[in-house]
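Let's walk through this protein with a few questions and answers. Here it is.

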Amino acid sequence: MRNVATVILLAALACSGSLVADDDTVVVVMRDMAFDPAEVTIRAGQTVRWENHERRQFHNVWFRDLGEDPHPYIFPEEHIEKTFDESGEYAYVCEPHEDRGMVGVVIVE
Ligand SMILES: [Cu+2]
């Protein structure tokens, strides 16, 4: 029974591009050399969690415009989180795959 529930949960996750882990966390999936969804809109104080759902490929998240250093690589089944306290548009890239279009933006209202 538990396995059935797990399968249903995984199917639900696979079908939804964007999901909310809880009221204060929005999930962006890294898969197929892309951020999904590439654009998320959140409220100030909410957290974005980037989850790597690739089978083998690593990625990272780099808010270059903020003057930050690139985050270390995030490998499959790993994730990172970042909380946004001020409204604005925060563009980011995956440093090793920016030239393949792996870019995203967090809009904080
Ligand atoms: Cu990447």
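Q: Where does asparagine 60 lie?
A: Helices (H or I, at least four residues) and strands (E, at least two) are DSSP runs, numbered from the N terminus. Residues are numbered from 1 along each chain as its sequence is written. This is a predicted model, where local features need pLDDT of at least 70, side-chain atom pairs count only at pLDDT 80 or more, and totals for chains, interfaces and linings use all residues. Asparagine 60 sits in the loop between strand S5 (47-52) and strand S6 (79-83).

Q: Is asparagine 60 buried or exposed?
A: A residue is buried if 20 or more other C-beta atoms, placed from the backbone, lie within 10 Å of its own, exposed if 12 or fewer, and partly exposed in between. Asparagine 60 has 20 other C-beta atoms within 10 Å, so this residue counts as buried.

Q: Which residues is asparagine 60 in contact with, leaving aside its neighbours within four places in sequence?
A: Two residues are in contact if their C-beta atoms, placed from the backbone, lie within 7 Å. For asparagine 60, that gives Pro70, His71, Pro72, Tyr73, Ile74, Cys94 and Glu95.

Q: How far apart in space are asparagine 60 and proline 96?
A: Along the sequence, asparagine 60 and proline 96 are 36 residues apart. Go from C-alpha to C-alpha in space, and the distance is 7.7 Å.

Q: In what order do the elements run from the N terminus on?
A: The protein has one helix and eight strands. From the N terminus on, they run α-β-β-β-β-β-β-β-β.

Q: Which residues touch the most other members of the largest nonpolar core?
A: A nonpolar core is a set of buried Ala, Val, Leu, Ile, Met, Phe, Trp, Tyr and Cys residues joined through C-beta atoms within 7 Å. The largest one here has 15 residues, and the top spots go to Val28, Val48 and Trp50.

Q: Which element gives the largest share of this core?
A: Strand S2 (25-31), S5 and strand S7 (88-93) each give two or more residues to this core. The largest share is five residues, and the element behind it is S2.

Q: How many residues of S2 are buried?
A: S2 is a mostly covered strand with seven residues. The buried ones number five.

Q: What is the phi of aspartate 32?
A: S2 and strand S3 (residues 34-36) pair in the antiparallel sense over three bridges. They form a hairpin with two residues between them, and aspartate 32 is in the turn. Its phi is positive, about 55 degrees.

Technical notes:
Pairing = 2+ DSSP bridges.
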